[in-house]
Amino acid sequence: MRIFNSNSVEETHRIGERLGSVLKSGDVVAYFGGMGMGKTTFTHGLARGLGIDEKEVSSPTFALVHEYRGKTNTLYHFDMYRIESWDDLYSTGFFDYLDFGGILAVEWSENIENALPENSIKVTFRHGENENERIIEIEGVDLE
């Protein structure tokens with residue numbers, strides 16, 4: 001597990017970009033953490049690390065999933081905030097996306113934790129000592 005401290009949007013972008021640069025097709029990145037913790041901001045950097053124009057990235061809160069195509073990979077960005085049952089999860093097409101061969105970034109993974117693949121990369125966001133600081137823990141991938 002690697003632990004990063006971020007004190008700004010730019011630092012969160014860089015941490016996400018670092019993770020994005022080592023991801024491969026089929027990886028699932030499961031985000032854990034409350035509202036306003038920087039998950040979508042992190043995804044901007046993740047997209048940049050994958051060679052995707054991060055300016056296109058936005059929260060999939062109402063759409064449930066956004067798709068971003070890069071030169072070599074596709075990023076599927078999910079928001080599972082409103083998912084409360086297996087029926088809700090099936091209706092998102094989540095299980096189909098697992099077979100598409102892209103990379104999945106899943107916000108609010110705590111709502112679907114039992115459905116996540118065993119080898120998912122877990123990213124946990126917590127508040128730091130001040131209002132803008134975030135502690136970002138990444139496990140399941142080597143970032144050395």
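Lys122 counts as partly exposed, with a relative accessibility of 30%. That value falls in between because buried means under 20% and exposed means over 50%. Keep in mind that this is a predicted model. Lys122 sits in strand E6, and E6 is part of an open sheet of seven strands. Here's a quick tour, from that lysine out to the sheet, the helices and the cores.

**Around Lys122**
- Apart from neighbours within four places in sequence, Lys122 is in contact with Ala30, Phe32, Glu137, Ile138 and Glu139.
- Gly101 is 21 residues away from Lys122 along the chain, and their C-alpha atoms are 19 Å apart.

**The sheet**
- Reading across, the strand order is E1-E7-E6-E2-E5-E4-E3, and the pairing is mixed.
- At the edges you'll find E1 and strand E3 (65-69), each of which pairs on one side only.
- On average, neighbouring strands are turned by 20° against each other, ignoring direction.
- E3 and strand E4 (residues 74-79) run antiparallel and are joined by five bridges.
- Across from Val65 stands Phe78 in E4.

**Helix H1 on the sheet**
- H1 packs on the sheet, where it touches E1, E2, E6 and E7, and its direction makes about 155° with that of E1.
- With twelve residues, H1 reaches 16 Å from its first C-alpha to its last, close to the 16 Å expected at 1.5 Å a residue.
- Its buried residues are Thr12, His13, Ile15, Gly16, Leu19 and Gly20.
- Looking down the axis of H1, those buried residues fall within an arc of 165°, so they line one face of the helix.
- What do the buried residues of H1 pack against? They pack against strand E1 (2-6), E2, H2, E6 and E7.

**Helix H2**
- H2 lies across E2, E4, E5, E6 and E7, and runs at about 175° to E4.

**The nonpolar cores**
- The largest nonpolar core has 23 residues, and the ones with the most contacts inside it are Leu19, Phe42, Leu75, Val123 and Ile138.
- Two or more residues of this core come from each of helix H1 (9-20), strand E2 (28-32), helix H2 (39-49), strand E5 (103-107), strand E6 (121-127) and strand E7 (134-139).
- Setting aside neighbours within four places in sequence, Leu19 is in contact with Val29, Phe42, Leu46, Ile121, Val123, Ile138, Val141 and Leu143.
- There's also a second, separate core of 17 residues, including Val28, Phe32, Leu89 and Tyr97.
- Phe32, a member of that second core, is also one of the contacts of Lys122.

Notes
Residues are numbered from 1 along each chain as its sequence is written. This is a predicted model: local features need pLDDT of at least 70, side-chain atom pairs count only at pLDDT 80 or more; totals for chains, interfaces and linings use all residues. Side-chain values use heavy atoms; hydrogens and water are left out. A nonpolar core is a set of buried Ala, Val, Leu, Ile, Met, Phe, Trp, Tyr and Cys residues joined through side-chain atoms within 4.5 Å. Buried means under 20% relative accessible area, exposed over 50%, partly exposed in between (1.4 Å probe, protein chains only). Helices (H or I, at least four residues) and strands (E, at least two) are DSSP runs, numbered from the N terminus. Contact means heavy atoms within 4.5 Å. The expected span of a helix is 1.5 Å times one less than its number of residues. The arc is that of the directions from the helix axis to the C-beta atoms. Two strands pair if DSSP finds at least two bridges between them. Axes are lines fitted to C-alpha atoms, for helices over the stretch in contact, and angles run from 0 to 180 degrees between N-to-C directions.
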